[in-house]
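Q: Hi! Could you walk me through a few spots in this model?

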Amino acid sequence: MMNTALVVMKRELRGYFTTPLAYVFLFVFLFFANFMTFRSPFFEARQADLRVFFDLLPVLFLFLVPAIGMKLWAEERKSGTIEVLFSLPVTVGRAVMGKFIAAWLFIAVALLLTFPMVITVNYLGSPDNWVIAAGYIGGLLLAGCYLAVSMFCSSITANPVVSFILSVVICSLFVFADYPSVLLVLESFLSAAMLEAVENLSFVLHFESLRRGVIEFRDMAFYVLFITGWVLATAVWINGRREAG
Amino acid sequence: MTERWRTITALFLLAVIFFCAITITNHLGRFLRIDLTENKLYTLSEGTRQVIEEIRQPLELKLYYSRAAAMKGPEGIRVYNNYYIYVRDLLREYEALSNGRLRLTVIDPRPYTDDELDAIRYGLDRYSAGDEPFFFGLAVASELGRVAVVPFFAPNRQPLVEYEISKSIYDAATAIKKPVGIITSLPLFGPGLSPYMAEMMRMQGREVPEEWLIIKQLKQFFDVVRIDDDASKIDDVELLILIHPKDLPEDLLFAVDQHVMKGGKLLVIVDPYCVADPVKEHHLRSSDMNELLEAWGCILKPNTFAADRSLGIQVQMGPNQPSRRLPTYMDLTGRSFNSEDVITAQLQTVRVLFGGAIESTDVPNVTFEPIMTTSERGNSISASPADVYRFSNPDMVERELRDGSQPVVLGARLTGRFQSNFSEGPPAVAEDEKEKRVQEVLGESLQDTTIVVYSDVDMINDFVAFRETFFGPAPRGDNVNLFLNTVENLGGARALSTARAKGRFNRPFEVFDRIEAEAEQATAEKIAAVEAEIEKYQKELQSIVSRIEDEGEALMRGEVIERKRELEESLLLAQRELRELNRDKRVRIESLISKIKLCNILAAPSVILLIAVIVFLAGIYRKKKYLGVRNDE
């Protein structure tokens, strides 16, 4: 039964590499990732690690992942192919999962393509490669969060541009949830426990340990729960629309 | 209910369920973690666990963090927010390990509150963030009223944070100061005059020797015990410090030896020439402990001084003389310190005056680890302490000194099990008694122990380690820290001394370092030649200028004035050459940086572009072929 999700995933993934969008995305992502990493203070700090790159990811993903996620459902609805999809013997849940995993894999490919950076720091010094590996795992999970939000936004509107903007706005809420200035505003009307709970929703906060090379249960639990929650929400919404006809 | 409302309700419920689940898991699995770092940087060390285990009384950990101030402050303060969370979680781990003996409270000291007053009273550092004070420190208080603090958690000290916390917990839990023994030939403790005598001497215009400031500092943290030359046994002292030991009697040497055999720690500070030594004869101002140290892993090379052109300090040899660089009077900085040793990891500068060279004697089962060195350009010069000029006159030193290729060791840590120098029996014992006494002698250290050796005594003397300020003497550089860190590390808690800086947190670009070292070596001779030339010109110029000042420009002959102009020109040219030579060093690194940037920024995206073009061309080709087939049909 899992096979139907797999079929959807394969169809999606193949779709990526036959459209120019995927290549544009990869090009832009790699260019900015490399360009911003190798600007100062990478060479001034002279530390053989990828901290600078991982510091960039939350902001880089903020604009690039919604660009991948925006068309996941919006496009299907706009062009009407969603009807075709659901005329096939596939449940909403599997279709949603298939699409999500395909897009996630695509971002994983983009992340993997930054491997020259790993080679570079290994050439320049002796980095702790396990820390770098943990950073990449964190990066992938971080991307999953952005993608899950973007997919939900894409499912509630037929317009990819609206979906994009909505995703960026919602994702920034989660990126900046632990910013002092944001907390200050929230502090005026939230209790201390609630404030901590809100802060705990920050993508960046949970990325912090992974970036340092420590895999914490609570960070992993956060990412898994967050992604599952938004993917489920997408399935519920699409199912609802489908039932409503 | 319509379908739409059902969906919205379902979404709302989903949101609530997942929000709660995330909040709960955040509190549940706080201590489940895998530390992937090579040196387990984020796992509490064995030393810390031992410290916690040994606590007998309840301690209160008060973490002060000005959260509200941080929120109002500039965005740059965010780094503290993240670090605060790290420190708080670390402290929670301490709390969890302690079986209730440690109680953690987190306090946000708002302005004008009792909390703020407490934070100030505990002596935490106070900074300003916007218009509010900013605190980020820890106070550990015992029920007996003993308090130890970490005044400020600076993110750059993260690798040492566990040591700092464990140390303050240890300090608060320990009620008594640990004894530290000192053997010295110097008047470290002052002459022991009565205040009346001292006043009398001052009235007579005579200088009153005083206790060294470093000893005053040491007494704040330790119970300092002076060990006299006629002692034959050293007991109840974990750490023994030898400062400029000279002609120690055999019995005392034996006592020192047995102290180490019992597993005691040893700090040895010797000097090929101690300026602070009150002895008049120059050749008597040197000390070493080679008779013991040689068998334990190192020696102080006799008649040898460490020197380094790149670290030398400018000194003025007399009034109206230009200041010159003296390579035997050094400010050690940066890479001079072992960044992986807790003693030296955080040091910035240490001033050393006529220090010696320490060399390993390669003793099996003993590790010799340099902790303080010159730069790679450093080398040593040979001179007897009697020939003061040969190591204290810039010209002489400049002439003798050849740039080296390996750092000269000024401080070293020896660890392992040491062999006794008295395995034949204690000294000066009658033959018949000897056999009996031999059995009392310990032939090998009972456990692993540590000896730290430094090759300069003056660095802890008042005039090098302190500077006069309006408010009294203030520490200069990190000389005092070096001494106190060493004593703390050796004489503090045994558990703490294993909580050393956790391996490699510093991972430099080795390629850059190598290139720089190569370039430095390649240009060292040229630079030295040009520098010598510049100095020659400067000297000649100086003499002409002083002649002009004396005799008046009008009276000077034209050729002298002409020579002055020539010299000024040569000086400018030489200085330009020097600048260019120094620039050459950067050129190779800069070109490597450009190459790396180019490869990374352009290569990967270009490959993607290429693949895209190929895929599309292939697509077009396939389409054409397909259409072609169709047309053929």
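Q: Which helix is B:T7 found in?
A: B:T7 is in helix α1 of chain B; helices here are DSSP runs of H or I with at least four residues, and strands are E runs of at least two, numbered from the N terminus. Before we go on, this is a predicted model, where local features need pLDDT of at least 70, side-chain atom pairs count only at pLDDT 80 or more, and totals for chains, interfaces and linings use all residues. Residues are numbered from 1 along each chain as its sequence is written, chains are lettered from A and ligands numbered from 1 in the order written, and side-chain values use heavy atoms, leaving out hydrogens and water.

Q: Is B:T7 buried or exposed?
A: Buried, because its relative accessible area is 5% (buried is under 20%, exposed over 50%, partly exposed in between, with a 1.4 Å probe and protein chains only).

Q: And what does B:T7 touch?
A: Not counting residues up to four places away in sequence, B:T7 touches A:V236, A:W237 and A:G240, where contact means heavy atoms within 4.5 Å.

Q: What about B:F12, buried or exposed?
A: B:F12 also lies in α1, residues 3-28 of chain B, and counts as exposed because its relative accessibility is 55%.

Q: New topic: where is B:G297 found?
A: B:G297 sits in the loop between α10 (290-293) and β12 (298-300) of chain B. B:G297 is buried, with a relative accessible area of 3%. Beyond its neighbours within four places in sequence, B:G297 contacts several residues, including B:E359, B:F368 and B:L414.

Q: How many Å separate B:G297 and B:F483 in space?
A: They are 21 Å apart, C-alpha to C-alpha, and 186 residues apart in sequence.
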